[in-house]
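Hi,

Here is the model I promised to pass on. Have a look, and my notes follow below.

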Amino acid sequence: MPVQEYTDDYRVGIKEVIGGIRENREFIKVLELGAGPLSTPVFIRHCNLVISIDLKFGEWVEDYKDYNNWSMLEGDDIQFMNQMLDSGMEFSIIYIDSSHKFEHTSQELELASELLEPGGVIIMHDTSWAEVNQAIELFLSENDDWGFKSGPRSDLGVIREINIKTHIV
């Protein structure tokens with residue numbers, strides 16, 4: 001797939017998920033684990049509040065630093081997620097595209113499931129990567145009330161509680 005086609009598919013896929021969430025709420029809060037020049041601009045342009053966590057932000061952030069609905073946290077996402085959980089924060093969407101390592105992604109999924117507001121979704125990127133896929137399978141095997149839907153676009157997938165009726169991808 002050519003780079004431009006992948007980029008367009010990726011952005012459209014994220015917008016489709018945002019559109020499905022918007023049907024159930026007016027204010028959309030996003031926690032983005034692993035920020036980047038493809039995902040972050042979509043979230044900050046289409047959602048009310050975006051908190052991005054990454055080990056290091058690149059120069060691309062200069063183009064978006066003036067958005068007042070976006071906060072950047074540099075450091076360990078697991079540590080930040082635990083602090084957010086302790087403070088009672090909740091998010092409509094949690095986007096995971098960070099280390100792609102099994103143990104780390106497994107921890108992110110567990111914490112993300114606790115940080116979601118009712119009806120919220122976890123968007124997974126790079127779902128075809130072996131360790132990401134293994135983490136998803138483990139999470140689902142340990143959480144019978146959660147389901148996974150592979151998106152039609154750019155290796156995106158959505159995890160949500162099965163008993164919540166939300167239109168997604």
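First, the ring rule: rings of Phe, Tyr and Trp (its six-membered ring) pair if their centres lie within 6.5 Å, with planes under 30 degrees apart counted as stacked, over 60 as edge-to-face and the rest as tilted. By this rule there are five aromatic pairs. One of them is Phe-43 with Tyr-95, edge-to-face at 5.4 Å centre to centre and 65° between the planes. Phe-43 sits in helix H2 (residues 39–46) and Tyr-95 in strand S4 (residues 91–96), so this pair ties together parts 52 residues apart in sequence. Both Phe-43 and Tyr-95 are buried (under 20% relative accessible area, with exposed over 50% and partly exposed in between; 1.4 Å probe, protein chains only). Ring pairs also link Trp-60, Tyr-64, Tyr-67 and Trp-70 into a cluster.

Helices (H or I, at least four residues) and strands (E, at least two) are DSSP runs, numbered from the N terminus.

Now the strands, which pair if DSSP finds at least two bridges between them. Strand S2 (residues 49–54) has five of its six residues buried, so the rest of the structure largely encloses it. S1 (residues 29–33) runs parallel to S2, joined by five bridges, and Glu-32 stands opposite Ser-52 in S2. S2 and S3 (residues 70–74) are also parallel and joined by five bridges, with Ile-53 opposite Leu-73 in S3.

Some housekeeping: this is a predicted model, so local features need pLDDT of at least 70 and side-chain atom pairs count only at pLDDT 80 or more, while totals for chains, interfaces and linings use all residues. Residues are numbered from 1 along each chain as its sequence is written, and side-chain values use heavy atoms, leaving out hydrogens and water.

Cheers
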